[in-house]
Amino acid sequence: MAVRASARAWLSRALAVGLLAGLAACSGNDADSRSSPVDPQVLQDVISATFMVPGADVRRAMRVLQFGREQAIEKCGGEAGPIDGTANRYDQSRFPDLALIRSRGFSEPEATAAEDRRLEAIGGDCRDLAPPFPAYRRWFVLQSPWADVVTAAEQDERLTRLKAPMATCLDDATGLDVAADDPVNSFLRAVNTELAHGSAGREKSLARAYADCAAPYFDELRTLLLARRPALVERHRELITTYAREISGAGYVP
């Protein structure tokens, strides 16, 4: 079975598609954001979901995003599912959890199908599945300035010099034609083509190759992004804290 792919959102099932359109970025000067303490782990989880980086933090981010999605499903009359699922991946071309990909592949069709069955019970007026939190839309927009930071990091020579070795590694490991100047996206497109043509049996080996060959690249990208993230966190801390408080109030626990 084919899986969806694009240059920048491979296998992405992003929440509330289209919310960025027409919304202005906001620094979040919420008057009540200091009214009560927030669990430090909840706050860190929200930071991980706001300004995502490759690696194990992705699972914490996915948990926050999935919690909002399940809250929306339940509000719309559907049955909420677990928030610890890992089927709804978020841009595996930029923010992969390579350990997750190694162990479970690029996608989890059974979990995705189970969610799709739950979604079938929801009325058409709830299809956007926007989480029912007052700060959600303003918080979600913070992904826009972060995307600019990520784009800038991708041009860093410390990262670009790792592309050709990654391409060679992927070529040797899989036999796929991988572009030296864009190994991540060319490889994921090739994987999608393989799976679309009935080569699902190869997914595990392709996933292992990606986890092995892309590790140096994404380790460096993680390092570059973590160096840039604190400034954005401080700039938008009130809004991030407000959203952490809202999901805590709705029952989110680390």
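First, the ground rules. This is a predicted model, where local features need pLDDT of at least 70, side-chain atom pairs count only at pLDDT 80 or more, and totals for chains, interfaces and linings use all residues. Residues are numbered from 1 along each chain as its sequence is written, and side-chain values use heavy atoms, with hydrogens and water left out.

Let's start with the disulfide. The structure holds one. By disulfide I mean a pair of cysteine sulfur atoms within 2.5 Å. Here Cys 169 is joined to Cys 213, with 2.0 Å from S to S. Which parts does the pair tie together? Cys 169 sits in helix H8, residues 163-174, and Cys 213 in helix H10, residues 203-213, so the link ties parts that are 44 residues apart in sequence. Helices (H or I, at least four residues) and strands (E, at least two) are DSSP runs, numbered from the N terminus. The torsion about the S-S bond is about -65°, so this disulfide is left-handed.

Are the two cysteines buried or exposed? Buried means under 20% relative accessible area, exposed means over 50%, and partly exposed is in between, with a 1.4 Å probe and protein chains only. Cys 169 is partly exposed, at 32%. Cys 213 is buried, at 7%.

Next, helices H2 and H4. H2 covers residues 57-75 and H4 covers residues 109-119. They pack at an angle of about 30°, and their axes are 11 Å apart. Axes are lines fitted to C-alpha atoms, for helices over the stretch in contact, and angles run from 0 to 180 degrees between N-to-C directions. That angle makes H2 roughly parallel to H4. The cut-offs: under 35 degrees is roughly parallel, over 145 roughly antiparallel, 65 to 115 roughly perpendicular, and the rest oblique.

Who meets whom? From H2 come Gln 66, Arg 69, Glu 70 and Ile 73; from H4 come Glu 115, Arg 118 and Leu 119. By class, this contact has two nonpolar residues, one polar and four charged. Ala, Val, Leu, Ile, Met, Phe, Trp, Tyr, Cys and Pro count as nonpolar, Asp, Glu, Lys and Arg as charged, and the others, Gly among them, as polar.

Stay with Ile 73 in H2. Ile 73 is buried, with a relative accessible area of 0%. Leaving aside neighbours within four places in sequence, Ile 73 is in contact with Gly 78, Glu 79, Arg 118, Leu 119, Ile 122 and Leu 129. Contact means heavy atoms within 4.5 Å.

Now Pro 132. This residue is in the loop between H4 and helix H5 (136-140). Pro 132 is partly exposed, at 29%. Not counting residues up to four places away, Pro 132 touches Gly 68, Gln 71, Ala 72 and Lys 75.

Last stop: Asp 91, in the loop between H2 and helix H3 (98-104). Its phi is near 50°, a positive value in a residue other than glycine. Asp 91 is buried, at 6%.
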